[in-house]
Each structure stands twice: as structure tokens, then as C-alpha cells.
Amino acid sequence: MRKEYTVTYKSENIYDNWVHDAYWQFLIIPLENKTQKLKEFDFSNSLHCINQFSINGFGFNTIKIHPQNKFKHICFEATFKVLKSKKNLPEQTSFAQVESSWKEIGSLEFKIDFEQYLKVTSLTKIPKEKQGLFQFGSNRGIFENLKDLNHWTHSHIAYRSGVTDTTSTLETILKQRTGVCQDFAHLFCAICRQNNIPCRYVAGYLNHESGYLGDSQMHAWVEAYVPSYGWLGLDPTNDVLANMDHIKVCHGKDYNDCSPLKGIVHSLGNHTTTHSVVVKNHQRQIQQ
Amino acid sequence: MSNIENQIFSSYQRNPDLFDEIYDSNGNIKDVYQKLFDIYGGHSIQDYINLNSKAKASFFNQGITFQVYGEDNVQEKIFPFDLFPRIIDQDEWDVIERGSIQRAKALNLFLWDIYHDKKILKDKVVPLELITSSANYLDQMNGLNPPGGIYNHISGTDIIKHKDGQYYVLEDNIRCPSGVSYVICNRTALKRALFGVFNHYQTYTVTDYAENLLEQLESVKPKGVDIPNCVVITPGMYNSAFYEHSYLAKTMGVELVEGRDLFVENDFVYMKTIKGPEKVDVIYRRIDDAFLDPLEFRPDSALGVPGLFAAYKKGNVTLANAPGTGVADDKAVYTYMPEIIKYYLKEEPILNNVHTYHCSRPDELNYVLENISELVVKPVDEAGGYGISIGNRLTPKEIEEVRKQVKENPRKYVAQPIMSLSVHPTYIDDTESFEQRHVDLRTFTILGKDKEFVLKGGLTRVALKKGNLIVNSSQGGGSKDTWVLKK
């Protein structure tokens with residue numbers, strides 16, 4: 001079974017004063033992997049600057065724009081045609097696997113190999129008094145624990161936009177118990193890592209037509225490592241496993257590694273930036 | 001004690017508890033110093049004062065100045081210079097040189113390893129926490145192969161001579177070690193003031209540093225480049241080491257640039273010139289990792305170049321030193337240096353390490369907390385002598401304060417026995433006479449592709465305040481010309 005999507009990303013920036021020098025980096029191109037293919041892709045901007053195809057520090061594909069003339073207004077528009085095929089999910093963990101997978105996770109070798117996704121960052125730091133919020137059960141498989149945590153995170157926070165931003169810490173989020181997708185993802189990552197399971201923050205696009213909650217901009221979910229399976233996508237905002245409705249762009253330790261738009265703009269005065277993302281599922285389901 | 005009666009050294013008082021560099025173990029002036037001693041001794045104090053002020057003027061006129069951060073009244077100062085040089089004979093130098101190269105090579109292999117296979121961690125030689133807890137470890141460097149396989153192109157090794165007559169390394173500086181311009185300018189100043197003394201000694205030149213540095217930078221050029229275009233990037237004229245940045249660019253014959261002089265297009269780096277963009281291949285960068293590229297690191301950095309890191313990651317430009325080297329000159333990593341050298345090079349360390357207590361280990365923390373008065377306590381991540389407390393100089397109240405700080409954040413501190421730095425006769429303005437002052441030595445080691453070089457001289461820093469052990473220029477230190485003698 002496959003699904004074909006058209007993703008349209010738009011961003012508009014308006015400045016009070018002339019901008020003489022600017023440099024933008026867009027981290028918005030869907031990743032190519034076994035279950036996700038990028039068929040077509042088009043990127044344009046209102047100043048007709050050349051698209052520079054580049055990478056970010058972690059090797060994900062980016063587009064960079066470096067305008068040569070001064071401006072006050074610039075629009076970006078990108079469309080991506082993406083083909084998603086179904087990813088097989090882990091099977092229920094057998095009794096023998098439970099023990100061996102926990103043993104693997106406890107080994108020094110494992111801790112070294114996955115060090116990057118086991119460490120605490122400023123956005124995935126759980127305040128002292130909230131340590132031990134959710135404990136993984138060592139008598140159950142990691143896959144089962146992850147599904148429980150997904151459900152727990154989903155029910156622990158209520159989805160509400162406008163109450164947090166991309167710099168909100170878990171201290172704020174756990175206090176108010178409301179937030180948006182990146183807050184769910186940060187909380188999941190933090191708890192997962194605290195339980196010694198490597199977990200990475202994922203940014204991408206969500207098919208809203210399936211009735212899921214998520215931003216009208218980009219969506220965030222997580223990938224946790226399941227021994228003898230690999231990275232498993234989970235979406236705590238919607239309490240589902242990420243699969244055909246989740247189009248991945250990149251992953252990192254937290255939002256800061258995955259920020260879709262970074263710009264170095266030299267200008268005085270105020271500016272406004274708006275983004276929008278539309279994900280359209282063409283043929284509802286293509287039978288292979 | 002032959003010439004002690006001569007004019008200039010007549011009031012020189014020798015404290016027998018200190019290791020004085022110019023005396024041998026029998027209390028006689030060392031042979032290598034005798035001639036120097038006679039020549040200097042032939043001058044009257046008044047002659048010496050005149051010479052000294054000439055040397056000072058020479059520094060001011062050349063603009064060899066620095067600023068100290070954190071002072072209200074920031075003004076340009078000259079780095080105080082002492083006309084009486086330090087001599088290192090060939091045998092001693094041989095040990096220092098081999099030891100400096102050994103450390104630089106071991107650190108380079110260590111950096112390669114912790115950004116690739118991490119074998120040293122898996123073999124439990126160095127604990128994983130040392131890396132994960134270091135703010136200087138850059139995830140972005142994971143799996144990246146720097147051109148020529150070199151991370152620490154330039155290393156500054158701080159070495160002291162203890163009262164046992166042995167050399168010890170106090171720290172390795174492999175981010176942007178500074179001070180080499182003083183080595184060269186000290187030599188020039190001494191030659192201008194007292195050129196005659198050089199007729200009696202065969203010293204190695206220090207002015208070949210720039211050509212060696214350039215040769216090394218060119219040796220690590222990106223793939224596919226024939227004749228690389230090298231530049232030096234500086235944070236700008238307000239940086240304390242700006243003189244050095246401009247000096248090195250000038251003597252290498254390359255451009256000195258600031259971040260705003262460069263731009264990145266399609267992952268290649270260009271320099272803005274009046275004749276249009278000019279591609280840049282190798283950057284000797286004197287700005288810290290965090291400021292290199294606002295897209296990748298600190299977004300508020302106005303000193304860096306947007307897109308620079310992507311150009312580096314793609315292999316289109318070389319950065320020297322490589323980003324992320326700071327993880328290896330952390331003071332906590334220093335304490336594992338003997339193990340690191342043995343692990344990668346299968347050799348015994350040539351230079352000694354000072355024994356270090358890790359406050360992150362509970363038993364060692366207890367020892368430190370109980371013995372603060374006999375230890376030097378240092379934060380692991382500060383450079384320039386900031387935040388160091390020397391136990392026997394502290395009041396009981398201050399000791400309590402240090403104890404509290406260490407207890408609150410043990411990972412942040414290490415402690416070492418108080419090392420007694422050797423002393424060297426140094427002219428003191430206030431008393432108009434020579435007195436013993438503590439000295440250390442910073443060597444400059446260059447690693448290139450199949451190339452290693454140690455500047456034959458190095459920077460001897462002098463703690464000018466009486467009894468002071470901290471020699472950093474930001475803490476009121478001066479310097480001396482340092483001679484390595486040919487056999």
C-alpha cells in the first residue's frame with residue numbers, strides 16, 4: 001500500500017526597513033529512505049534568487065538563499081511530491097527478547113554508540129522535582145514500553161496552540177500541561193532518554209486529512225530505538241505510531257537541530273514572518 | 001658564585017627553596033648562563049633602565065599590545081618584556097620538543113577516535129562521561145574527516161619546571177592557542193636592545209614560524225585544490241590577540257579577514273575583494289567554535305560566516321584548528337593524557353603530567369574538600385587563568401567559599417598539588433633590581449599532513465607579581481626571550 005502526497009510550504013517575510021544582506025537556510029525537504037521517495041520538487045522565491053542546495057551540520061539536505069539586492073518583502077514557496085510506502089512495525093516482544101534487549105541497552109558499547117540521542121539538552125531537561133514521572137518496566141519489551149509512554153504523553157498534555165513557543169522548556173510545559181507537537185515530542189524524548197532508550201526528535205509534515213492533531217506548519221514527532229528492530233517512529237501528539245501519514249524531513253536531539261528556517265538578516269526595525277504548510281493526499285490509497 | 005658581585009646582579013637574592021634556572025645543583029651559575037651573566041653584569045643599573053625603556057618603546061611603536069577583559073578601565077597595554085633571556089640547552093630542548101610532538105599527535109588521534117569509532121571509550125581507557133558532559137564536544141563533527149586527518153594543527157603546550165628539576169605539562173591548548181607573535185617580537189626587541197649578546201651564542205631562529213605555519217596550512221588543503229588560498233580570520237581589532245592575528249597574516253603573506261569579508265555560495269567560501277569574489281581554501285581561524293557559523297552554532301554571532309560549516313563538512317574548505325577540538329583540551333581530559341599517549345602511540349609519555357584529582361569521583365572529591373589548602377583548584381573549562389584558587393594563598397573564609405563551589409558542581413573542578421614553578425632572574429621596575437620570578441614555557445607545535453614542527457624557543461611567561469604562580473598575561477604576567485642553543 002502506498003500514498004502519494006503533495007506538500008506545499010510557504011513562508012512570507014515583511015520588513016519595516018530595507019534589508020541589505022540576508023542568508024536563509026531551509027530545512028524542509030522530505031528525506032529519502034526505504035519507505036519515502038521524493039518524486040518531484042520545486043522551490044521558488046519572489047526575489048528570483050538562485051536556490052543553493054546544501055546540507056546542515058548533521059548532513060540533512062537544505063536549501064540556502066542569499067539575495068544579491070536589497071528588499072523589504074520576500075516569499076518562499078516549495079512543493080514536494082512524496083510517495084510513502086508502509087513500514088513494517090515491530091512484533092510483540094517475546095519473553096526471551098525482553099531480557100536480551102534490556103541487556104543490550106545497558107551495555108557500555110550501546111551507550112557510546114547512541115550517546116547523541118541519550119543526552120539531555122536544554123529543551124529535553126526534566127526539572128528535578130519531576131524526575132521519574134514515567135518509569136519503563138524492565139519486565140516488558142521496549143516496544144511495549146514505548147507505546148505506553150506514547151499514550152501517557154498524549155494524555156499528560158492537552159493540545160493547545162499559542163501557549164508555548166520553540167524555546168519553551170519542559171519546566172513550563174509540565175507546569176501548564178498544555179502545548180503543541182514539539183512540546184509532546186520534547187517530553188517524550190526526555191523521558192525516553194531518562195529510561196536509557198535512545199530517542200530523537202523528528203520534524204516533518206503530517207497528513208491532516210486523517211484527522212490528526214498538529215500544527216498548520218510543520219509537525220514534530222519522535223523516533224526511539226528498539227533493539228533488533230531499529231528506529232521506531234511514534235507520534236505522542238496523536239498517540240499513534242508514525243507511518244504512512246508522517247512525512248519525515250530530518251531528526252536531531254531537539255527542535256534546535258531541526259528548525260525549518262534559519263535566517264541571518266541584517267535589518268533594523270520590526271519584521272513579520274508567516275509560514276503555512278498544506279499536505280494533500282492525492283489518490284487516497286494506491287494498491288501496489 | 002663567581003661574578004655575583006658584579007653591578008647589576010649584586011643585590012640578587014636567591015631563595016634556596018626555589019629552583020633557580022640559572023644555577024646548577026651545586027649552587028654555581030650554569031655554564032650556559034655564565035657568558036650572559038658576565039655581559040649583563042658589565043652594565044650599570046642605569047644602562048639597564050635605559051635599555052629597558054628602549055625595548056618598551058619598541059613594543060609600543062610596533063603596536064604590540066593587548067587588553068584585559070573584565071576590567072572597568074579597558075586600555076591597551078604592552079605585554080611586559082624582560083631583557084634577560086632564558087636559555088634552554090639542546091639536551092633539555094630535545095625532550096621538550098619530542099614531548100610536545102608526542103602530545104600533539106596523541107591528541108590528534110584521540111580527536112579522530114572520539115569523532116569516529118570511539119574505541120578509547122569502548123576500551124574503558126577514558127570514561128564516556130568525559131565526552132558527554134563536555135560542552136565542547138560537537139555532534140556535528142561526528143564522522144567528519146578533516147582534510148589531511150588533522151584536528152589540532154596548532155597546539156600550545158604549557159610546560160613548567162618543578163623544583164625536582166623535571167619538566168611537567170600543565171595544560172594543552174588546542175583551540176586557538178595564542179602567544180606565538182610575542183616569541184618572535186621578543187627576539188626582535190632583544191636584538192634591537194642588546195644585539196651584541198647574540199655574538200656569543202648560537203641560538204636557533206624563531207622567525208621561521210610563519211613559513212612553517214603556511215606550509216602546514218597548505219599541506220591540509222581541500223581535495224582537488226592545487227595552490228590553496230589561505231586566510232587568517234580574526235574576531236576583529238577589539239580582540240585581545242588582534243595584534244597576533246595581523247602579525248601572522250602579514251608574515252605569512254596572506255589576507256587577514258573578518259567574518260563579514262567572507263561569504264559562502266554553493267558551499268564554497270569566497271572573500272570579497274575589489275576585483276570580485278576570490279575563493280578561499282584554508283582558513284586559519286582565530287574565532288571560537290561557537291561563533292564560526294550563525295546557522296550552525298550561536299545564531300547571534302556576528303563574527304562568523306553563515307554557511308561556513310556546511311562548506312567545511314562538504315570538504316570544500318579547511319578550518320584550522322578543526323571545530324570541536326576543545327573537547328580534548330578540557331582540563332579533565334588532561335588528566336588522562338598519560339593513558340591517551342600509551343593507548344594510541346604505544347609509547348611512554350616523554351613529558352610528565354601533574355597528578356590530578358577529579359572532583360567528579362566521590363573518593364577524590366572528599367580528598368579535595370579536606371585538603372583545599374594544599375591544592376590548586378581549577379575549573380575544567382576556563383582558559384586564561386580565570387577561576388583558579390591556590391590553596392596556600394587562601395584565607396579560611398575563601399577556602400570555605402571554594403569548598404562550597406566544588407561541592408555544588410564537582411564535575412566542573414579538578415585539583416592538583418601545588419607545583420612549584422622554577423624561577424628566573426627578572427628585572428623589576430619598582431626595586432630597580434633583579435629578583436627571582438616564577439616562569440613557565442608555552443611551546444608551539446604544528447601538525448600538518450606528514451609534517452610536524454615545534455618552534456625552537458617558545459614563550460617563557462613570567463609572573464611579575466612577587467610570589468605569584470599565575471603567569472597568564474591577563475593576570476599580570478610578562479615574558480622573556482627564550483633561546484634554544486645549537487650544540
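Here is a walk through a predicted model with two chains, A and B, starting with the overall build and then moving to a few local spots.

Let's take chain A to begin with. It carries 6 helices and 15 strands. Its radius of gyration is 20 Å, close to the 19 Å that the globule rule gives for 288 residues, so chain A is as compact as a globular protein of that length. Buried residues account for 56% of the 288 residues. Now look at who touches whom: among contacts in chain A between residues at least 6 apart in sequence, 76% join residues at least 24 apart.

Now zoom in on strand S10 of chain A, residues 219–226. Is this strand buried or exposed? A residue counts as buried when its relative accessible area is under 20%, and 8 of the 8 residues of S10(A) are buried, so the strand is largely enclosed by the rest of the structure. Both faces take part: A:His219, A:Trp221, A:Glu223 and A:Tyr225 point one way, while A:Ala220, A:Val222, A:Ala224 and A:Val226 point the other way, and all are buried.

What does S10(A) pair with? One partner is strand S9 of chain A, residues 199–206, which runs antiparallel to S10(A) and is joined to it by 6 bridges. Another is strand S11 of chain A, residues 230–235, which pairs with S10(A) in the antiparallel sense over 5 bridges. A:Ala224 is a handy landmark here: A:Cys199 stands opposite it, and A:Ala224 also stands opposite A:Leu232 in S11(A). The hairpin of S10(A) and S11(A) has 3 residues between the strands, and A:Ser228 takes a positive phi near 60 degrees there.

Most residues other than glycine have a negative phi, and most peptide bonds are trans. Still in chain A, A:Arg177 has a positive phi near 55 degrees. You'll find A:Arg177 in the loop between helix H4 (170–176) and strand S8 (178–179), where it is partly exposed, with a relative accessible area of 39%.

Over in chain B, B:Asn266 has a positive phi of about 50 degrees although it is not a glycine. B:Asn266 lies in the loop between strands S8 (262–265) and S9 (268–271) of chain B, and at 42% relative accessibility it counts as partly exposed. Chain B also has a cis peptide bond, from B:Ala320 to B:Asn321, with omega near -5 degrees. B:Asn321 lies in the loop between strand S12 (318–320) and helix H10 (331–334).

Finally, step back to chain B as a whole. It has 13 helices and 22 strands. The radius of gyration of chain B is 23 Å, close to the 23 Å that the globule rule gives for 487 residues, so chain B is as compact as a globular protein of that length. Its C-alpha atoms fill a box of roughly 70 × 60 × 50 Å along the principal axes, and buried residues make up 58% of the 487 residues.

Definitions and conventions. Residues numbered from 1 in each chain as written. Chains lettered and ligands numbered in written order. Predicted model: local features only at pLDDT ≥ 70, side-chain atom pairs only at ≥ 80, totals over all residues. Heavy atoms only, no water. Buried < 20%, exposed > 50% of the residue type's maximum accessible area, 1.4 Å probe, protein only. Helix = DSSP H or I, 4+ residues; strand = E, 2+ residues; numbered from the N terminus. Pairing = 2+ DSSP bridges. Rg over C-alpha atoms; globule rule 2.2 N^0.38 Å. Contact = heavy atoms within 4.5 Å.
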